[in-house]
Amino acid sequence: MNETILPAPDAHGKAKQTAKDSVFCDLFGHPKYLFQLYQALHPEDTKTTEADIVTVTLKNVLLNQLYNDLGFTVGRKHPLLMILLEAQSTWTINVIVRVLMYLANTWQEFIESHRLNVYGSKRIELPKPELYVIYTGSRKTQPEWISLADEFFAGDHTFLDVKVKVIYDGREGDIINQYVTFTKVYDEQIARYGRTQQAVLETIRSCKDSNVLKDYLESREKEVIDIMTTLFDQAYAVERYGDEREAIGEARGEARGEARGEARGLARGLAQGEARGLAQGEARGLAQGEVKGALKQSKLIALQMKEDGFPEETIARIHKVSLQTVRQWLAEASTELPN
């Protein structure tokens, strides 16, 4: 299987990723399981091989997160089939709009990568889309199809419609059915043990014993545990200490005070009344102060996490720094705390 990770346009806001979403992306990031997914969607196709599938998942470069869950084309010559698929545990009809945006962006990347001329007189050849949502939550009504025109424009199909097929379980034993079962086992273990490593380990043990994603979990067990426990730790850290970016923002208040004092000192060294020199000094001092304040806040958060029992390796993963840096922070933070 070939892979083309397409860069998506800048997205405002914060990318959200849950443990189940992450396992979904990791699972179907492997050619073997992606091919099984296609076979589950199109069991009638006996000719397509694993080599005929090309991943075209959009990637948000700035946030370094997957922009949509999964996209791939099938075939080597026109007409290509393009499948876009989202995994959802919480129901929202707005997924239709998101999938439409993913489709437009993926088509745009396809047009640019194949150097197609949309302004020319010759009709361009586009991959035929199929749009799916795998829904793993619980709800009373389970429509097989959801429609943009029906849900947003009172059934007016005159100018535009987009239809998305919703899958709730798959066929017994296929890769979709196994993934949905995995998410339900996960939810059961979270209800029993909370967001702990024990819940992760019990989810994996139970699924392997029941032959649910067994090959994947046996071959990727360490990675799956790391994916899920890191996300648990991140969720706990945000809840316990606040989003680090918010904490940094709070630290800027202290930093600005320090910076203004430093700026005034710098300004005195410049010619009196020279506006340019004052601005340069103030900007330089403000920048230095903000950096110092943000670093100080990170050190104090790391120290608090250490006191709450977080391993140093976990603190390093959450802060996205080296283990050596965390140890240096802990040593420095302990001396910076007020008596």
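Accessible areas here come from the Shrake-Rupley method with a 1.4 Å probe, and for residues only the protein chains shown count as cover. By that method the chain exposes about 19,500 Å², with carbon and sulfur atoms supplying 50% of it.

Some ground rules. This is a predicted model, where local features need pLDDT of at least 70, side-chain atom pairs count only at pLDDT 80 or more, and totals for chains, interfaces and linings use all residues. Residues are numbered from 1 along each chain as its sequence is written, and side-chain values use heavy atoms, with hydrogens and water left out.

On confidence: pLDDT is the predictor's confidence in each residue, from 0 to 100. The chain averages 80, and 71% of the residues score at least 70. Over residues 4–17 the pLDDT is below 50, and this stretch has 35 contacts (heavy atoms within 4.5 Å) beyond near neighbours in sequence. Residues 61–66 are also below 50, with 13 such contacts.

Now the fold. The chain has 12 helices and 10 strands; these are DSSP runs numbered from the N terminus, helices being H or I of at least four residues and strands E of at least two. Of the contacts with a separation of 6 or more, 64% join residues 24 or more positions apart. Of the 339 residues, 41% are buried; buried means under 20% relative accessible area, exposed over 50%, and partly exposed in between (1.4 Å probe, protein chains only).

Thr 106 is in helix α3, residues 95–113. Why does Thr 106 count as buried? Because its relative accessibility is 2%. A polar atom of the Thr 106 side chain lies 2.7 Å from the backbone oxygen of Tyr 102.

How values were computed: A polar contact is a pair of N or O atoms within 3.5 Å; within protein, one must be able to donate a hydrogen and the other to accept it, and residues adjacent in sequence count only if both atoms are side-chain atoms.
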